[in-house]
Structure formats: structure tokens, C-alpha cells
Amino acid sequence: MKYFGCILTFFLLLAIDTKPTGAVCGYESCPETKPNLVNIHLVPHSHDDVGWLKTVDQYYYGHKSNIQHAGVQYIIDTVVSELLKDPKRRFIQVETAFFAKWWQEQSEAVRQSVKKLVNEGRLVFAGGAWSMNDEAAVNYQSVIDQFSLGLKWLDETFGACARPRIGWQIDPFGHSREQASIFAQMGYDGEFFARMDHRDKNNRLDNLAMEMIWDASESLTNDELFTGLLYRHYSAPPGYCFDVHCGDDPIIDAKSYDNNVKSRVDDFLSYVSNVAKYYRSNHIMIPMGDDFQYEDAQVNFKNMDKLIKYVNERQADGSTYNLFYSTPACYLNSVHEGLQTWPNKTDDFFPYASDSNSFWTGYYTSRPTQKRFERDGNHMLQTAKQLSVFADLKSQQQKEDLDYLRQIMGVMQHHDAITGTEKQAVSNDYDRLLYDGIIGGASNARDALRVLTNLPEGEFESCLQLNISECAFTQDSADNVVVTLFNPLAHTSSQYVRVPVKEENYQVTDEKGRLVASEVVPVAWQVLALEYRQNTTQHELVFKASVNKIASYYIKKVDKVESKEIVLPKAAKKSVKQNEKNLEVPQRFKKVHSMQNVETHADDDSETVVQTSEIKLVIDNNTGRLKNVEMNGVSEAIDQNFAIYETYESGAYVFRQKEDVDLKFLEDKVEFTVYDGALVKEVHQQFSEWISQVIRIYEGVNRVEFEWLVGPIPTDEDTAREIVTVFDSEISSNGVFYTDSNGREMIKRVKDKREDFNPDLGRQPISGNYYPIVSRIALEDINKRIALLNDRAQGGTSMQNGQLELMLHRRLVQDDGYGVGEALNEQKYEKPLIARGKVYLILNSVEESTKVERLAEKEIHLPFWKFFSSHSQVNRNAAAKPLADFNVWPQSVHLLTLEPFSEHEVLLRLENFLDHIEGNVVSFNIRSILDDLGGVEIRETTLDGNMPLSEMKRMKFQHDAAGSRPKTAEFFTSQHKPLVAHKSQADSKFSVSLKPMQIRTFIIRNE
Ligand SMILES: [Zn+2]
């Protein structure tokens, strides 16, 4: 009965409250403030993790209350109902993943009421991305994607009133500069968060620096963002949690013995007056909410109503406090209008330490295979998006499949997903979702390739376990197989392709029937020994492919004699002849050296040299490890090894060393075998029972590849193990190293130092020097530079001059006490998890540009995607469809996004990926691309694609350094004239320039 009563009230309210009014949204809908009082902006919010202790759906439906009582659908239900009761009430909705799901289930009447709330600025979106993304382990491409997705949903559902004005990153465990830059490029006015190093925060409290201007890019100008730190986490003031989850006293204002109005108001104002001391303006923001609160929103709003009423009543008696419902954006608007000046910030907020023994740096590496799988998801997403545009895929199923993958990738960016800080069962669910998403994306890619290539019936199978050399498509035979390669990059790229095969002889030809040099190489025995791996193929066929956007290569089994006869094509041109010496295909690898051989004559043969025309590696025969690298005209002693942190109190979030326990390097002699091919040289190394590696150098490739295999990591009751790889050089780096910010700009790090404060490193000297490495870590001296690039996010540091360290894998025995409630102890196939991945080394002279590192980053992040079909599907008569040619763009222009946007629109995002030191302004014309894509009109938008750039106007704040306060409120608008053009206009209208690191986003209309 009670339940029925609630529903009835709800619909009555809907009936009376949906009339259109002359309402306004945005800053015009902000509550009135009082200039002479302390204005307290009460911000009702609920922090709804898109998966953590429970799965996304369990949280949404309120399932599995035994794990955690949380049901997002009820939160939105009751919040909407409570907002409708009083136009003064406000609520911010953050995670669009949940809100979109809820919206699908609503009646038209409810939807109309919600639209009214949005249009009147009562239900306000903050952040607004699909999830509240992590900032350490995410790549900028995926962050931009998930904001584009969330903001697009909001725009299509509600229009401009729903567009968020501020970032609300309250829970991520540290904050990246790139995230701030992305907010600025989307036209946001500011961002707020809650977690910061405890010492940094204390300093900021003392120095009135809780709010600042973040200079979010060294290359971009005007890329500043107002950034505010919340006073006390993101929770309500102590004692004022008016929520069914809390036991705090309600406000009792009737004639009752328990009437507590006076004490409740006194205590609240005493808290507030304390907060106000630490902020510069006469406005303060008080968040009212916490994890999964507002499930019965009446409790929250009823008590807040009373609090507001009784606090403001005191103004009649001279109280200087003014309390009202507000939003973070309205708070920021008041601060902006206050015309003050602010301190600035130039680096980032990593690592985050909640106390001197708790640096949250373990999650940079936690769940290494999930972090890699997320990269596969992005790789497929970009592939499927671009192919959908080229093939103009339009069916409902294709659209849904692509949307689903976009959404899952949005979920994966969540600060308990890619971070690896969720429970094991939730991690399994993320894997399930992402796998489904990738399958849908692959299905779109197949549909597109059937249109775009000469294989109208091609299978275009993807193999998701190529990292352990497994592929169902080639396991029985790789004879008459077509490998179709898709290159997501703008420019033609040459990369080596590896296909799992049996130990047989193969011939590879390209689309024109030209023979391509190839060879068959053995797979490391440690991979073959994996119990769960099917051992039908023990070799890989390697060949070098050159691909503009799409290219097919044909694999045919041959016997050795035959192969020699067809080596030289009849009409051999000079270019082919140059390859003649490489064309002894198929060439079997020679096992040229092994440790056992070496030991017998170690005196005269103390090292083994492995080299291509570009790179020379020297292996020390006594240790079995790498000892010297020569490339790019530079030679350096580089010793690469693996090492182990034996820990106990580490958890999914925190990497916490035992006191006085040093990093243990592996000291046993490494057994190694060298395989010397014409295209690739490999050194297979066995470091311990559960650590092995393949070092590879390819002919014509200027980087060294280290493919590591780690696990199952042994642990015992009181010893966890965290595995790192260490590259030791003699480069005098003087404590300085460089790490990327979300895979884009680099940030200078100085060992034991921070920009604004002295970190407390007494207890955790190493963990406190760990930084997130999403794509690259580097160091240099006046002569040389080494950079390591990785294939997934990891933690890394430089603890000694010349030394770089990356954490690869961790298996733990304790929970670290931050909520997840489980030890990170991943099991797969009933054994502790084994992980495999790659690290790449580039050694160069400091004189040389780091452009090569940028190019490598792009190739590693978005390599060719391989699709497999059988040769019988080739239709020689079917012509491959010509595709847009992006090679006309300058080399430093990255095709960041090309995707279907709406029914007749395509989104195109371009990036100059060189920074202000590496590159210059590049100018080019995009008319030909518009024509190739069948475009009629083009318009430029903010970074997310949803707002015309011409409408962007975002708050500008004055730096303290300016010396005086601004006289009027100032704003940034676009620095260049936004491009808007129709195909009937002259070519000159389509010219584009990109400054270093600049990204420009366009919507192309097709008809
Ligand atoms: Zn959270």
C-alpha cells in the first residue's frame, strides 16, 4: 500500500507540473546569491560507480544487496520525483551510462517532466561522459571518445540545456593534466575533484590555494582550466548525511522534546565558517551526497529544505550565511563573477598519497591483462568506426553494434574498470561486456570489408589471442589464406605482420601478385608450454606489409624447391631486385647460439652479437642478459633485467613496500637462444621458472622489442610479489625523467620532488616516485636519450640515474583497505594469472627529434588490424572501392577519429601530434577528403563534436601573477575562425592549420 501511495503522488505531480514556462537553463537558472554574505552552494549529488564491488547492471537494478546496498534506478526515480516538488531544488547527474539506461525505461510523461527539469536548470548534468573516467591509465583518445558519446546522448535527448559546464572528477585517484586540457578543449569552464596528496592539500589549505588555474598544456595556448579541490572528500559535512544509508539526525523542527533546530544549525554553520576560511571568495561549495546516495531522495531533500530554511532565517538576526540549492557550475559562475585572481598549476596531481604510507600507484599496473584488453577494445573501436564510414554502413544492427562498443569502451574508462580496482567478479563482467562489444565491432568491420575489398564473401575473422600465437583460422592450415590488413593511421605504414602457422614453407604475395619476403620463425617454448594453449601451431610466418588504408596479402603453402623457383617475379623491377637477397623464402630460422654452447668456451666468446642493418644488440654470455645496444649512431651499455618487489600490504590501489626490503634483481644466469633470420632476429631468454622474454629486432625497424611473459607469480601467506623490468644505462640523467600524460604530452619528473610541495617519501621512497606510464617513459643526458614505450598502462619510475623501471604484473595477498575488500590475486584457467606484453626501447642521440618516439607511439597504439579469410572467397572481378587518401596530409597529422556521427553526418578529428619542441604549425587542405567522403558541408565543433566552435565561450580567470584583479568577467572563445564551408565554395575555404598538439574536430554532412 505504501508503495502504491508513492506512485500515485508521483503521477499527480507529473500531471500538474509539466506546463511549459518561459524557463531558462544554464547560468541564467542559477540561484540568486547575496553579495554581502557567505553564500553556501549546497550541491546534491550521488556518486554512482559504473561497476566496482558490483557489476554495472547490479548497481543499476539494485541487485546483490548483500554485497552493497545500491540501486541507481531508484536513485534517479526518487530524485526526479523530489525535484518536481520544488523548483528551488537541484541535483547533478554525472554518469550518462546510468542515466541513458534509466531513460530507456521511462514513459513519455516522465520524459516530459525530466525535460522540463533539464530546461529549467533543476536537473543539471556535470561531467556528462559515459562514465567518470580514470585519469592515470586511460589514453586520451578513449577519454575524448567517451565524452563525445555522453555529450552526444545528452544533446540528442535534451538539447543545449543539458550540456555540462564543468568537469566533476571527484573520485579518480590522482589527476592528469591531459584531462584538464580535454575539458578546456571541450569548452568546459572548470573542473572539481576531491583526491589530492595529503601534503599538497594541507599546503593548499594553508595558502588559500584550493582553487587554481591549471595550465593544461605546454604546447597549446589558452589551454587553461579553473580547477577546484573539494574541502572534505565529496561527502556531506560530518553529521549532515541525510540519507537512508546514514544514521545522522534528521532536523526536527516541530514542537517536540527532540527539536534540534538550534543545535543542527549551529553545528552546520560552525563547519561552514571553518570551510570558508580556506577559500578565496565569499562563496563555498558543500557537496551533499556520497556513493550511491539518494535512493530515497525524499529523506535527503526534506532535511536539506529544513536546513536551508533555518539557516536563512537567522539572516534576520544578522547572520552572514546564505544557504541554497545550487550546482558546481553555478558555484563556479559566482566565483568567476567575483573577479579575483588565482594561483597556477603546471604539472599534474600524480601520484596521489592519502597518507605517508599510502601512495596509490599500484593501480597503474593492477590487472595487466585487462588493461591490455581495453587497448584491444579501442583498437577495434577505431577500426570499426573508420570502416563504417568508408563502407557507409547504415543498418540498424550495424549502428547498434557500433554504439554498443562505444558504450562498453566508455564503461571501461571508469575509475574502477581500467584501473583494476574492482572485485574479481566485476572484472570478469567487464571482460564479458568488452568481448561482446569487440565481436559486434568485428562484425561491422567484416560487413564493411566485404564492400570495400575484392572478397565479397570473405570471412574476415579476427584472432584475439595472437599474443600467444593462437588463431583458429590458421591452426589447421595457413594454405590459401588471405590476411586483410586495416591501417587506422592517416599515413601509409610499413609494419611486420605475424601469422600463427605450422612449421611448413609458405609464400606470401601482395595484391598485385608480387612476392613478399617472408620467413617462418619458432614461437618461444614458454608460450607453447602454456597449458591452456592449443598447440596446433608452433611457428609464426613473418612478413613486412605496407598499407595505406586496406591491403590484402595472400599466403600459400609451397614446398621448398618450388619456393626457390618462384622467388623472382618475371618482370622484376629494380625495387624488387634490391630485395632479392631477402627473398630466400621461406627461410627457416637458424638456432645460432645457446647458453649451453657458450659455457664451454666462455673465455674467447664472452658475448653474442645480434644485429640488423639498424640495430646491434650485444648479449653478455656470462649473464645471458642484454648488455649493449647500438642504434641511430649511438652506442650505450644497457643492462635489462627483471626484478621483484616482495610486499605484503600492497593492494589493488596502493603499491606499498615493506620497510627495508630492497628490490630483488634476478641473479641466475639467463638461458638464451638466438634465432637469426633475414627479416627478424630473436633472442629467447629464460630468466626464471616463471619469467621469460623474447627480444626482437626487425630489419628496417628502429626500435627493440621486448616481449615479456610473467607468471604464475608465486606467493605465500605473507609475501606478495610485484614484478618489474629494469633498463639500466650509463646515461647521467641527474634524477630527471619524462612520462607521458594519457599518451599525449610529456611531463618532466624529478626524483623525490613535486612542483608545489615536499612529498613525504620517508616510508615509501619508491612508490612515492611512481608515475602512470600510458605510452612512454624516457630519460636523457647531454648526449643520449632512451625511451621505453609500452603496450598498455603501467606504473614506472627512474630510481637511479640512467635507469628506467616499469611494473609489469602484480599478485597480492592482502586488501589495502580502500573498499574493494579483496586481495588482487587473479586466477585464469585455475592458475594464478600469466601475463604477456611488449615494451619497446628506442636509443637515440639527444640531438635527434623525439618525433620517432611519437611515430612509434601511434604505431603501437593503432597497429594494423588483421582479418583472415580463405583464398576461395577472392573474386578477381570485384573491384576494391577506392578510399579517401589521407597521405596528402602532413606527416605529423594524426587521424584521431573518423566515425559515423548521425544519420547523414561523419565526425572527423585531426591532431598535430608533435609538440612545440618537435614540430611546427602545419597547414593543408581537407577539400579532397570532404569530396572522398561524399561530404556536402563541413562545420567545426568543440573537441567532443557536439557544440559549434563558434558558440564556444568559456570562463577565463586571472592569474595571481597578473598583479591585479580583472575589471570585468572575461571569457575565452575560439582562437581561430571556425571552419564552416559548403562544397560549392572555393578550395581555399577548406584550408586547415594545426599548431603543435592542436586537435580540430569537424562534422561533415553528406547530403
Ligand atoms: Zn568511484
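1. In which loop does Ser469 lie? Ser469 is placed in the loop between helix 14 (424-452) and strand 14 (481-486); helices (H or I, at least four residues) and strands (E, at least two) are DSSP runs, numbered from the N terminus. The model is predicted, so that local features need pLDDT of at least 70 and side-chain atom pairs count only at pLDDT 80 or more, whereas totals for chains, interfaces and linings use all residues. Residues are numbered from 1 along each chain as its sequence is written, and side-chain values use heavy atoms, with hydrogens and water left out.

2. Ser469 has a relative accessibility of 1% and therefore counts as buried; buried means under 20% relative accessible area, exposed over 50%, and partly exposed in between (1.4 Å probe, protein chains only). The side chains of Ser469 and Glu540 are joined by a polar contact of 2.8 Å. A polar contact is a pair of N or O atoms within 3.5 Å; within protein, one must be able to donate a hydrogen and the other to accept it, and residues adjacent in sequence count only if both atoms are side-chain atoms. Apart from neighbours within four places in sequence, Ser469 is in contact (heavy atoms within 4.5 Å) with Pro500, Val523, Arg533, Thr537, His539 and Glu540.

3. Arg785 belongs to strand 38 (residues 784-790). With a relative accessible area of 8%, Arg785 is buried. Its side chain makes a polar contact of 2.8 Å with the side chain of Glu780. Residues up to four places away in sequence being set aside, Arg785 touches Glu780 as well as others, including Ile731, Arg776, Asn844 and Glu853.

4. Asp253 occupies the loop between strand 7 (224-229) and helix 9 (261-276). Is Asp253 buried or partly exposed? At 27% relative accessibility, Asp253 is partly exposed. The side chains of Asp253 and Tyr310 make a polar contact of 2.7 Å. These two residues are 57 residues apart in sequence, with a C-alpha to C-alpha distance of 9.2 Å. Asp253 also touches Asn259, Val261 and Lys306, residues up to four places away in sequence not being counted.

5. Glu224 is located in strand 7 and, at 17% relative accessibility, counts as buried. Its C-alpha atom is separated by 7.3 Å from that of Ser181, 43 residues apart along the chain. The residues that Glu224 touches, not counting those up to four places away in sequence, include Ala184, Trp214, Arg954 and His959.

6. Helix 4 (residues 96-104) packs with helix 5 (residues 108-119) at an angle of about 140 degrees, and the axes are 10 Å apart. Axes are lines fitted to C-alpha atoms, for helices over the stretch in contact, and angles run from 0 to 180 degrees between N-to-C directions. The two helices are therefore oblique to each other; angles under 35 degrees count as roughly parallel, over 145 as roughly antiparallel, 65 to 115 as roughly perpendicular and the rest as oblique. Helix 4 contributes Phe99, Trp102, Trp103 and Gln104 to the contact, and helix 5 contributes Val110, Arg111, Val114 and Lys115. These contact residues divide into five nonpolar, one polar and two charged; Ala, Val, Leu, Ile, Met, Phe, Trp, Tyr, Cys and Pro count as nonpolar, Asp, Glu, Lys and Arg as charged, and the others, Gly among them, as polar.

7. Rings of Phe, Tyr and Trp (its six-membered ring) pair if their centres lie within 6.5 Å; planes under 30 degrees apart count as stacked, over 60 as edge-to-face and the rest as tilted. By this rule, the count is 51 aromatic pairs. The rings of Tyr294 and Phe301 form an edge-to-face pair, because their centres are 5.7 Å apart and their planes stand at 65 degrees. Tyr294 and Phe301 are both buried. One aromatic cluster is formed by Phe173, Phe350, Tyr352, Trp360, Tyr363, Tyr364, Tyr653 and Tyr818.

8. Most residues other than glycine have a negative phi, and most peptide bonds are trans. The bond joining Phe350 and Pro351 is a cis peptide bond, with omega about -15 degrees; Pro351 is in the loop between strand 11 (344-345) and strand 12 (353-355). The peptide bond from Gly711 to Pro712 is also cis, omega being near -5 degrees.

9. Asp392, although not a glycine, has a positive phi of about 55 degrees. Asp392 sits in the loop between helix 12 (368-390) and helix 13 (396-412) and is partly exposed at 45% relative accessible area. Asp752 has a positive phi of about 65 degrees and is partly exposed, with a relative accessible area of 34%.
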